[in-house]
There are 2 protein chains.
Amino acid sequence: MTKPQTTRQKRANGVESRQRILDATVEIAGERGYEGTSIAAVSAACGLPASSIYWHFKDKDDLIAAVIERSFDTWLAAVQLPGEETGTPLERVTAMARNVAKSLIDAPDFLRLGLMLALERRPAEPRGRTMFLQVRDIARAKIAETAEALVPGLDEESVQILTTYAVAGADGLFVQREINGDAVDLVAMLELHAQLVYEAATRMAARSKA
Amino acid sequence: MTKPQTTRQKRANGVESRQRILDATVEIAGERGYEGTSIAAVSAACGLPASSIYWHFKDKDDLIAAVIERSFDTWLAAVQLPGEETGTPLERVTAMARNVAKSLIDAPDFLRLGLMLALERRPAEPRGRTMFLQVRDIARAKIAETAEALVPGLDEESVQILTTYAVAGADGLFVQREINGDAVDLVAMLELHAQLVYEAATRMAARSKA
DNA sequence: CTCTTGATGTAACGCTCACTCCAATTGGAA
DNA sequence: TTCCAATTGGAGTGAGCGTTACATCAAGAG
C-alpha cells in the first residue's frame, strides 16, 4: 500500500506535495462526494496548480482511489493499535468495538467517503468504489474470523449473518454520528452493539449444537 | 405533502409531466447523488426539455427536495400499510421490522438518496438534505413512541439510546443490501435486529426499575 | 374569433469542469 | 559549467454545467 523508495529524492518536495494533494482531496471529497470534488477546488486547497495534481496522479479517478487507499491504511493502523487480547470473549469483543469506535472518531474520512462512493451507482464504476469494497471485505473477513474464534460451534451461515449484522451496526452508528454529531456517543453505542451481537452469537451456537 | 386540486386541469399534461420529471430525477439522483444529477440527464430521461423542468421547479435544489418529499410519502405509505396491531410486544415489533424491510426493498430510493445527501456536507446545505433529516426525525419519533408503549418502564435516556440503535441498524442493513444486493436477506436481518433491540429494551427497563 | 394561461421547444448565456501543453525552475550528477 | 530529470506555473482546450429568454403551441374562457 506504500511506495517503495528506489531512488533517494530529497531535492524537490515531490513526496510532500503528494501528501498535501491527498490531504486536500480527502477533506473536499469527504464533504462533497465524488462528483463534487473538483480538481480546481483541490488545487486551491493545497496551493498547487492543477498540472502538479496531474503529474502525481493519472486522473481524478486515480486521485480518489489513492485517497481511499491511504485513508484505509490510516484507519487500519488506528484500529489495530492497542491489541487487547486477554480476558473473557465478551471483554475482548467489547474492547474490539471500542477500538473501532475510537478509530472512526479519529479517522472518519475512510468510512465517510467510502460509504458515499458505495451508495453511488454510476454506469462506469470508479476505481475508488472498487477499492473501498475490497478493503472493506478485508475488515469483514477479520470479523468473521474473530467470531469463529471467540464463539465456537457456529455454523457457516450463522457466521455470515452475524458478520453482516456486526458490520451493518457499525456503519449505521457511524452514519448517525455523522448526522447528529457529538450527540451520539459512538463508543458507548458500539459497546452496546458488541454486547448484543455477542449474545446473539452464543445463542446461535447453542441452537446449532442442539 | 400533496397538492390540492383547486382547478380541474385536463387540457394539458402538466401534472403528468411533473410526475415524469420526478420519476426521472429519483432514478438518476439515486444512482449518482446530488452533484451527479444533471438537468440535461433528467431532461433526456423524461423526454421533456430543460425549460419544462424549470417551469415545474424553481431550480435544481427545489427539484431534489421535491423528490425527497415524494419518495418519503411513498415509503411512509408502504411502511404503514398492513397495521398488525395484535399479538405480544415482540410479535408486534417483529412485524414492524418486517414492514420496514419490505418497504425498503420496494421503495429504496428514499433512503438511498437521503443517506447520500446526509453524508455530504457542502457549505451551502441543499434543501433536500434538510428535508430528509426532517422526515427522518418523524420516523425516529414514531419508533421512540412505539418503544415507550411496548416496553413500559424505560427512562428517557434508554429510549434515546434504543431509538438511535434501532435506526442505525436499519440504515446499516440497508447499506449492506445496497452494496451486496440480494445476497442480503433484508427481511430476516431486520427481524433479527428487532428481536435484539427488544431484548435490550426489556433488560434496560428491568435495570431501570431496580 | 380573440384573449389568456399552462406548458413546450429552441437557442443561447456565462461559468466551471476534467484535462493538456509547454515553458520555466530547480537541484543533483557529470 | 553543462546537462538532465523532477516538478511547478500558467494559459488554454472542448465539453458540459445550471439557468434564462423568448417564441410557440394547445385549449378553455369571453
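**Close-up views of the chain A and chain B interface**

**View 1. A salt bridge joins the two chains.** Glu199(A) pairs with Arg203(B) in a salt bridge, and their closest N and O atoms lie 2.9 Å apart. The model shown here is predicted. Between chain B and chain A the count is six salt bridges. Polar contacts also cross the interface of chain B and chain A: the rule finds eight residue pairs, both partners being at pLDDT 80 or more.

**View 2. Helices of chain B touch chain A.** Five elements of chain B each give two or more residues to the side that touches chain A: α1 (14-36), α6 (109-119), α7 (127-150), α8 (156-180) and α9 (186-209). The largest share comes from α8(B), with 12 residues. Sorted by class, this side of chain B holds 18 nonpolar, seven polar and 13 charged residues.

**View 3. The contact surface between chain B and chain A.** In chain B, 38 residues are in contact with 38 residues of chain A. About 3700 Å² is buried between the two chains. Carbon and sulfur atoms give 63% of that area. Three residues stand out on the chain B side: Leu119(B), Arg121(B) and Tyr165(B). They supply 20% of the area that chain B buries against chain A, more than any other three residues.

**View 4. The axis between the copies.**

View 5. Arg129(A) sits in helix α7 of chain A, which covers residues 127-150. Is Arg129(A) buried or exposed? Arg129(A) is buried, because its relative accessible area is 8%, under the 20% cut-off. Which residues does Arg129(A) contact, leaving aside its neighbours within four places in sequence? They are Leu117(A), Ala118(A), Leu119(A) and Glu120(A).

Key:
Residues numbered from 1 in each chain as written. Chains lettered and ligands numbered in written order. Predicted model: local features only at pLDDT ≥ 70, side-chain atom pairs only at ≥ 80, totals over all residues. Heavy atoms only, no water. Contact = heavy atoms within 4.5 Å. Buried area = accessible area lost by both parts, 1.4 Å probe. Salt bridge = Lys/Arg side-chain N within 4 Å of Asp/Glu carboxyl O. Polar contact = N/O pair within 3.5 Å; in protein donor to acceptor, adjacent residues only side chain to side chain. Helix = DSSP H or I, 4+ residues; strand = E, 2+ residues; numbered from the N terminus. Nonpolar A, V, L, I, M, F, W, Y, C, P; charged D, E, K, R; others polar. Buried < 20%, exposed > 50% of the residue type's maximum accessible area, 1.4 Å probe, protein only.
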